[in-house]
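Let's take a walk through a protein structure together. Please have the sequence and the 3D view open, and look for each residue as we come to it.

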Amino acid sequence: MKKEDKEILIAKLGEKINEYPHFYLVDVHGLNAEATSNLRRKCFGAGIKMVVVKNTLLQKALEKSEVDYSPLFDSLKGSTAVFFTQVANAPAKLLKEVGKDGVPGLKAAYAEEGFYVGADQLDALCSIKSKNEVIADVVALLQSPAKNVISALQSGGQTIHGVLKTLGERPE
């Protein structure tokens, strides 16, 4: 491959790294063409962009980035695919679903501005909540006290109404 072609690929990888806030490095060694095609299809359905890369080109693209990705460099060995995503936990859930037999396996990930190195980090990555999930949790927490107050006022109003009705019906 010519040096100019490599520079173009490094630049495109750099654009992808800047475009997507989260990415996973996945070991795709041992996947045949059919399994790779099925994995790409599942990635597409989950909103994940899968790119198979040369480790040296990816490392050069990561080095040119503004963020220090050096904790991921030791994971750049063997066959590597990069899963780019907007949702931090989507690739982890996909890998857990399709990787029951160990292929493909997680090498490392950069999610929510943190580094996760090693296949043992898959459960931690699955438990990361997406932005929409966190917003839903916050809204539910904010609504809970308001619902309790409204419920207390409504039940209190019914109680007061019952007491007043009883007092009004009582002979003097």
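A word on the model comes before the tour: it is predicted, so local features need pLDDT of at least 70, side-chain atom pairs count only at pLDDT 80 or more, and totals for chains, interfaces and linings use all residues. Residues are numbered from 1 along each chain as its sequence is written, and side-chain values use heavy atoms, with hydrogens and water left out.

Buried means under 20% relative accessible area, exposed means over 50%, and partly exposed is in between (1.4 Å probe, protein chains only).

Within α4, the residues A90, P91, A92, L94, L95 and V98 are buried. The buried residues of α4 pack against β1, α2, β3, β4 and α5. Now find F83. Not counting residues up to four places away in sequence, F83 touches H22, F23, Y24, V26, L39, C43, I48, K49, M50, P91, L94 and L95, where contact means heavy atoms within 4.5 Å.

Look at T80, which sits in strand β3. T80 counts as buried because its relative accessibility is 0%. The side chain of T80 makes a polar contact with the side chain of K107 at 2.5 Å, and another of 2.6 Å joins T80 to the side chain of N55. A polar contact is a pair of N or O atoms within 3.5 Å; within protein, one must be able to donate a hydrogen and the other to accept it, and residues adjacent in sequence count only if both atoms are side-chain atoms.

How far apart are S75 and K107 in sequence and in space? They are 32 residues apart in sequence and 5.8 Å apart in space, C-alpha to C-alpha. S75 is buried, with a relative accessible area of 10%. Leaving out residues up to four places away in sequence, S75 touches L25, K107, A108 and V117.

The next stop is N89, in the loop between β3 and α4. Is N89 buried or exposed? It counts as buried, at 4% relative accessibility. The side chain of N89 reaches the backbone oxygen of I128 at 2.7 Å. Among the contacts of N89 beyond four places in sequence are Y24, L125 and C126.

Now for charged pairs. Side chains of opposite charge can pair when their charged atoms come close. The structure holds two salt bridges, a salt bridge being a side-chain nitrogen of Lys or Arg within 4 Å of a carboxyl oxygen of Asp or Glu. One of them joins the side chains of E7 and K64 (3.3 Å, N to O). E7 lies in helix α1 (residues 3–19) and K64 in helix α3, so the pair ties together parts that are 57 residues apart in sequence. E7 is partly exposed, at 38% relative accessible area, while K64 is exposed, at 58%. In another salt bridge, the side chains of D123 and K96 meet (2.3 Å, N to O). This pair links distant parts of the chain, with D123 in helix α5 and K96 in helix α4, 27 residues apart.

We finish on the surface. V67, F115 and V117 form a nonpolar patch there, with about 210 Å² of accessible area together. Such patches are made of residues with over 30% relative accessible area and no salt bridge, where like charges are joined within 9 Å and nonpolar side chains (Val, Leu, Ile, Met, Phe, Trp, Tyr) within 5 Å. Accessible areas come from the Shrake-Rupley method with a 1.4 Å probe, and for residues only the protein chains shown count as cover. F115 lies in strand β5 (residues 114–117), and F115 counts as partly exposed because its relative accessibility is 32%.

Technical notes:
Helices (H or I, at least four residues) and strands (E, at least two) are DSSP runs, numbered from the N terminus.
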